[in-house]
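Open the structure in your viewer and keep the sequence beside it. The tour starts with the whole chain and then moves to a single residue.

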Amino acid sequence: MSSIRDVAKAAGVSIATVSRVVNDGGGVSAATRDRVLGVVAELGYRPNRLAASLRGRTSNLVALFLDNHKSPFATMLYSAVEEVMQSEGFQLLTCCTRSSSEHERSYVQAMVEMRAAGAIVRPTTSMTETIRNIRRMHSHDMQTVYIDMAVGSRRSDNFVICDNLGGGRLGMEHLVAQGHRHVGVVATRNDQDARHERSASLRLRGLLEVARDHGIEENIHLAPPTDLSRYELGYENATALLRQHPEITAIFALTDTSAIGAMHAVMDLGLSIPDDISILGYDGLPLGETLVPPLTTVAQPIADMGAEAARTLIAAIRDPDMQPRQMVLPVKLCERSSVSHPRRTPILSI
């Protein structure tokens, strides 16, 4: 079946022009209209009925852009956003970008064509592309809210994030207070890129600030940058760090999922948690409470973040002239059993 893009290409016009023609919109010359209608008939194109029904107004459709809709974090975020949207009469569509700029761009195009009212966006790895896509949505009168990351935010941007910089400091202060002076950090390639304003990048920055404050920055160890997913990242990073730096007494994983991978690596190396190695996570996923031992973590209010982002988007849709909302939610330390005082004697070999 032919698409609106096929019609636009064959007729030598833009997608927007084809949309105006098939939806009886104005601003198109008679000659152009006849040419487009001729191509529509030739290709057998059938206009999207949803788009046609939305002629002249935006819909009650909103989008949630996530890089990985299957992660526990994304599941909690989606559930909170969906609950608020449904209660206010909006339909939520999840757009899984898989951290791909191309996927994000394609979903933005679809939302524009469907005249979506707005979108909540968790940026991809390409911050420049995400900013470009946000501006494109704005040009089509779509309201937007950044969630979890305020990428290149301006005074006119809406965003709801958690205090990642403060969370990194909070976690590291806890490890230092327990007596740890040699700490391994589980972080992705992008997390380690100081140019990024990603949530985990800010956590890393926060923990490094505390290390500098205590004069132990040179004792903070990161594994070589990789693009592994979070669980595999935790497992591989922890294995490499403990083999290369047996003086490490604690591991700070920048997500709970990677902390779980690190815990499994420690156990597979024949070590005990927390007697040999302490493990600290970040997120506050409910799963952490069920682990053996239960995971000490810096907990962020994921559900609250999703709900606030949804309410902010709805408010912006109903009042496009409202003052931007820029919220930074607090985090807290959940002390459990995976962190204790460091061992008295170092691990000599693994």
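Helices (H or I, at least four residues) and strands (E, at least two) are DSSP runs, numbered from the N terminus. Show the chain as a cartoon: it has 13 helices and 12 strands. This is a predicted model, in which local features need pLDDT of at least 70, side-chain atom pairs count only at pLDDT 80 or more, and totals for chains, interfaces and linings use all residues. Residues are numbered from 1 along each chain as its sequence is written, and side-chain values use heavy atoms, with hydrogens and water left out.

Next, switch to the C-alpha trace, which spans about 85 × 35 × 35 Å along its principal axes. Of the 350 residues, 52% count as buried, meaning under 20% relative accessible area with a 1.4 Å probe, protein chains only. Contact means heavy atoms within 4.5 Å. Among contacts between residues at least 6 apart in sequence, 75% join residues at least 24 apart.

Now select residues 143-147, which form strand S4 and include Thr-144. Is Thr-144 buried or exposed? Thr-144 counts as buried because its relative accessibility is 5%.

Show the side chains of Thr-144 and His-138: a polar contact of 2.6 Å joins them. A polar contact is a pair of N or O atoms within 3.5 Å; within protein, one must be able to donate a hydrogen and the other to accept it, and residues adjacent in sequence count only if both atoms are side-chain atoms.

Last, select what Thr-144 touches, leaving aside residues up to four places away in sequence: Ala-119, Ile-134, Met-137, His-138, Asn-158 and Leu-313.

Methods. Buried < 20%, exposed > 50% of the residue type's maximum accessible area, 1.4 Å probe, protein only.
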